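I opened this model to look up a few local features. My notes follow.

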Amino acid sequence: MGSPPGDAPHSKSSQSVYWSKSLKIVGVILTLWFLVSLGCGILFRDFLDATLPNIGGAPFGFWMAQQGSILGFLILLFLYMVLMNKLDRDHGFEEGQ
Amino acid sequence: MTQDIWNFIFIGGSFALYIWIAVRTRAATTKEYYVASSGVSPFANGMATAADWMSAATFISMAGIIAAEGYNASRYLMGWTGGFVLLTTLIVPYLRKFNKFTVTDFLGDRFYSNFARAVGVICAVFICMTYIMGQMRGVGLVFSRLFDIEIWAGVMIGASIVFLYAGLGGMKGITYTQVAQYCVMVFAYTIPAIFISMLLTGNVIPQFGLIGDFTKGDGAPISLLSKLNALNADLGFAKYTDGSIPKLDMFCITAVLMCGTAGLPHVIVRFFTVRSVKAVRKSACWTLLFIAVIYLTAPAVGAFARTNLISEIHGTKYSEAPSWFKNWEDRGLIAWVDKNGDGVMQHQKGDAFLKKPVYSPDRVEGGPRVVTNQLTENGNEVFYERDILVMANPEMAGLPMWVIALVMAGCVAAALSTAAGLLLVLSTSISHDLMKKIVSPNMTDSHEVLWARSASFAFLAIAAYFGINPPSDFVAKTVAFAFGLAASSFFPTILMGIFSKRINREGAIAGMIAGISLTLGYIIYFQFMVEHKNYWFGISPEGIGFIGMLLNFVVANVISMITPAPPQEIVEMVEQIRTPQSAGSATH
C-alpha cells in the first residue's frame, strides 16, 4: 500500500500500534542477539562445549564465540530490516524514496 | 623489483587515489561538510562505516591478540561486531529520523539543555582524542618501518594527508576515501589469510581452515585447534580454546564493548549520511557484512599465525631460522637470547626478558642481535611483538613481495580512515555543538565551515604531537576509557531519550554524571593510582563501564520520577522520531 511522499497524517492510535509492534520486533531480535553472543559464547559456553558436538575441529561454545555469534548478528540484522520494512508498509509509514 | 619499490607503488598509489577523491569532493556548505548532504548510498556508506570502524589497532593488532589469548580474545570479536546490532535496532534509525547533524544535537534538544549539550561535547572530544592518538602513532610506525624514516616524519606525512581530505573535504571527502580504503583493507587482510590457510590446512577458505585439519608436514591429520592446544600445552601455555578471564568479567567487558560501540559518535554520524530510515537499516546490514569479512577472518589468522610461529621457531637452531624471523629481528620486533647456550630457540610461557628489547650494537656475523635487557628466570628465550603476526604473515607464508606491500598499504588505510572519521566528529563538536549552538547562534554557514576546518587542524596538531610523543603506555590504558565512557554516557542516555518520554533534563544529566564518575573513577583508581588488583567482584577496569551504564539507568529514572515531566513539545518530538516517515535531509 505505501503512502505518498511527504507527511500523510497518521492518527495517534495508529502511531502507538506501530510503536508497540516495532518494540516487539526489537525485543525478539535483541533476545536472540543476547543468546547467540553473551549466552552461547560466554555464559553457557562450558555447558555447550561439553554437550553439543564440535563444529569441525572446534568446541561448540568456542566456535560460537569466535565465528557463530558474528554470523548470527548478520542474520539478525537482515531479519530486522525485513521485519521493519514490512511493518512500515503495513502501517502506511513507508517513506517516499 | 625490490620490496621498497613495491611499497612505494602501493602506498604512493593509494595516497594519490585518496587525494584525487578529496579534490573531487570538496565540501562548501555545512550540510556537505557534516553529513555529505545525506545523499550517500547504503552500500557505499556500509563500506565507509566499516573502514571508519576498523582502526589500525583492529587491522594490525587484533589477530596478534587472538593468537596470544585464544578464547579470551573473543570479547573483542563479539563486542566489536555485536555492538552493531544494538546500534541498528536501538539508536541510528531514530537519530536519523531526528534529522540533525550531530549526536550531541540530540542530547541538547531532547533534554532541552545546553548543559547536556556541553557534557556531550566533552565526552565526544575525549572519546575521539584517545582514539585518534593511537591512529597517528600507527601511521607513524608503519611509515618508519617501511621507508626507514623517523617516526615523527611518518606521523607528519599521515597527518597532512588526513588534513587534506578530511579537513578540506569534510564528510563528503571522507566517505568516498573510506570506500576506497575499505577495498584496500579487505584485500590486504584476506589474501594472505587465504594463502596461509592453504599452506597449513589445505583449505582455501580460512574460516573452514580454522575448524579443519592441520595438514602441513607428514604427521597424521589432526584438527588445527587440537594441534594448537597440544603445542600450547607443551610450552606451558593455557589451552588455546580455554579462557582464563572469570565469566562475570568476560561478560561485563564484552557488554561494555558492545554498548560502547553503539554509543560511539563517529560511528553514529556515518548513518546520518544516507537518505532515509529505510536506507539506514539496509546500510547497517552492509556495514556488518563488510566488517564480518575481516572479523571472521581474524580468528583464523590468529590461530594459523600461532601454530606457524611456534612450530617454526620452537626447537629450531638459530642458524636455521626462517628468513622472516631474521628480517623482523633486524627491524627490532623479534629477539632471541640463548639462555641455556645450546644454539636452539626455546619458546615457553613467560617473558624472555624484562621490558622491550634494547639491542647492543655488537653482533657476531651470522649470530643473533644482542639484547642488553635483564633476563628472566624462566625458560623462554624468544621475544616477539604481537603486532608482527599480521604484518609478517605474508612472509611466513612465502608470498610475493607485492602482497607484503599491499598489507602495508592496508595498515595505513586502516589508520587513516579511522583518523578521518574521528577528526570529523572532533571538528563538528567545536564548530557546530560548541560555537554555533552554545556560543554564537547567529554564525553564518561559511563561518561555521571555517571553524570546522580550523578545529580539525588544531586537533590534528594535538593528535600528531601525542603520536610522536606517546605518554608511555597511556594510550593503551585509555582505550578502556573510550569504551567505558561511551557505554556509561552516550549509549544509555540516547537510549532513554528515544524509548522513554518521561526521562527529563534533570534525570539525564544526573544519570550521565553518575555513570561517568563511577567509570572514570574506577579506571583512574586501578590504572594509575594503585598497584593491586582487588577489583569489585572481579570486574576489571575494562568492564566497569557496564556497571556505570546500569548506574546511569537507575539514577536517570529515579531523578526523573521526582522532578517535573519534560515539556509537551519534547514529548511530541519523541513521538515523531519513533515513526520513520519522511526523514528528509538533515538540517540544523
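The model is predicted.

Entry on B:Phe537. I counted 10 other C-beta atoms within 10 Å, so B:Phe537 is exposed. B:Phe537 sits in the loop between helix H21 (505-529) and helix H22 (544-562) of chain B. Its phi is positive, about 50 degrees, although B:Phe537 is not a glycine. Most residues other than glycine have a negative phi.

Entry on B:Tyr112. Here too I found a positive phi in a residue other than glycine, near 35 degrees. The loop between helix H6 (103-110) and helix H7 (114-147) of chain B holds B:Tyr112. B:Tyr112 counts as partly exposed because it has 16 C-beta neighbours inside 10 Å.

Entry on a helix pair. I looked at helix H9 (residues 170-201) and helix H17 (residues 401-439), both of chain B. They pack at an angle of about 150 degrees, with axes 8 Å apart. That angle makes H9(B) roughly antiparallel to H17(B). Their crossing is left-handed. The residues of this contact comprise 18 nonpolar, 7 polar and no charged.

Entry on the chain contact. Chain B brings 46 residues and chain A brings 41 residues. Which helix gives the most to the side of chain B that touches chain A? H14(B) does, with 12 residues. Other helices of chain B that each supply at least two residues there include H5 (74-98) and H12 (247-262). By class, I noted 24 nonpolar, 15 polar and 7 charged residues on that side of chain B.

Technical notes: Residues numbered from 1 in each chain as written. Chains lettered and ligands numbered in written order. Predicted model: local features only at pLDDT ≥ 70, side-chain atom pairs only at ≥ 80, totals over all residues. Axes fitted to C-alpha atoms, helices over the stretch in contact; angles between N-to-C directions. Helix = DSSP H or I, 4+ residues; strand = E, 2+ residues; numbered from the N terminus. Parallel < 35°, antiparallel > 145°, perpendicular 65-115°, else oblique. Left-handed = near helix turned anticlockwise from the far one by under 90°. Nonpolar A, V, L, I, M, F, W, Y, C, P; charged D, E, K, R; others polar. Contact = placed C-beta atoms within 7 Å. Buried ≥ 20, exposed ≤ 12 C-beta atoms within 10 Å, placed from the backbone.
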